[in-house]
Amino acid sequence: MDANLIIAIQDSLWELGVTENYIGYHYTSYAVYCSIEQPDCLLLVTKWLYPSIAKKYGTSSAAVERNIRTILDIVWRKNKDSLEQIARHKLDQKPTATQFISILAYGIKGKVIA
């Protein structure tokens, strides 16, 4: 695992107001990492990404999705403006969990590469 990438992901989550006391923090962090390393995983979120995260953390795919949605809800409620900055456009409605992961991956990849 690329340490700089992991640090960039964790920093971005902290900037959005998400801390490690949420179970979804770890799931979201790993989901973003996987989507940067293997962008195709965003095409198979429920069939590949969530199950791989569930296996890594010893939980179910449903729990992974629910906890990532919880993180999304926190960010949407507390730091919508920051999320829009990462997305580089105004978000008229709350993104799906998959869109949220994609937005974070895109923004973080831009930071790490730059």
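Predicted model: local features only at pLDDT ≥ 70, side-chain atom pairs only at ≥ 80, totals over all residues.
The largest nonpolar core comprises 38 residues, and Ile68 and Leu104 have the most contacts inside it. At least two residues of this core come from each of helix 1 (3-15), helix 2 (23-37), helix 3 (45-57), helix 4 (61-78), helix 5 (80-87) and helix 6 (97-113). The greatest contribution is that of helix 2, with eight residues. In soluble globular proteins, nonpolar side chains tend to be buried together. When neighbours within four places in sequence are left aside, the contacts of Ile68 are Tyr27, Thr28, Ala31, Tyr50, Ala97, Phe100 and Ile101.

In helix 3, the buried residues are Val45, Leu49, Tyr50, Ile53 and Ala54. Gly58, just after this helix, adopts a positive phi of about 65 degrees.

Two aromatic pairs are present in the structure. For Tyr30 and Tyr57, the ring centres are 6.3 Å apart and the planes stand at 80 degrees, so this pair is classed as edge-to-face. Because Tyr30 belongs to helix 2 and Tyr57 to helix 3, the pair ties together parts that are 27 residues apart in sequence. Tyr30 has a relative accessible area of 19% and is therefore buried, the limit being under 20%. Tyr57, by contrast, is partly exposed, at 34% relative accessibility. Together with Tyr27, Tyr30 and Tyr57 form one aromatic cluster.

A charged residue also sits over both rings of this pair. The charged end of Lys56 lies over the ring of Tyr30 at 5.0 Å from its centre, and over the ring of Tyr57 at 5.6 Å from its centre.

How values were computed: Residues numbered from 1 in each chain as written. Heavy atoms only, no water. Core = buried A, V, L, I, M, F, W, Y, C linked by side-chain atoms within 4.5 Å. Buried < 20%, exposed > 50% of the residue type's maximum accessible area, 1.4 Å probe, protein only. Helix = DSSP H or I, 4+ residues; strand = E, 2+ residues; numbered from the N terminus. Contact = heavy atoms within 4.5 Å. Phe/Tyr/Trp six-rings, centres within 6.5 Å; stacked < 30°, edge-to-face > 60°. Lys NZ or Arg CZ within 6 Å of the ring centre and 35° of its normal.
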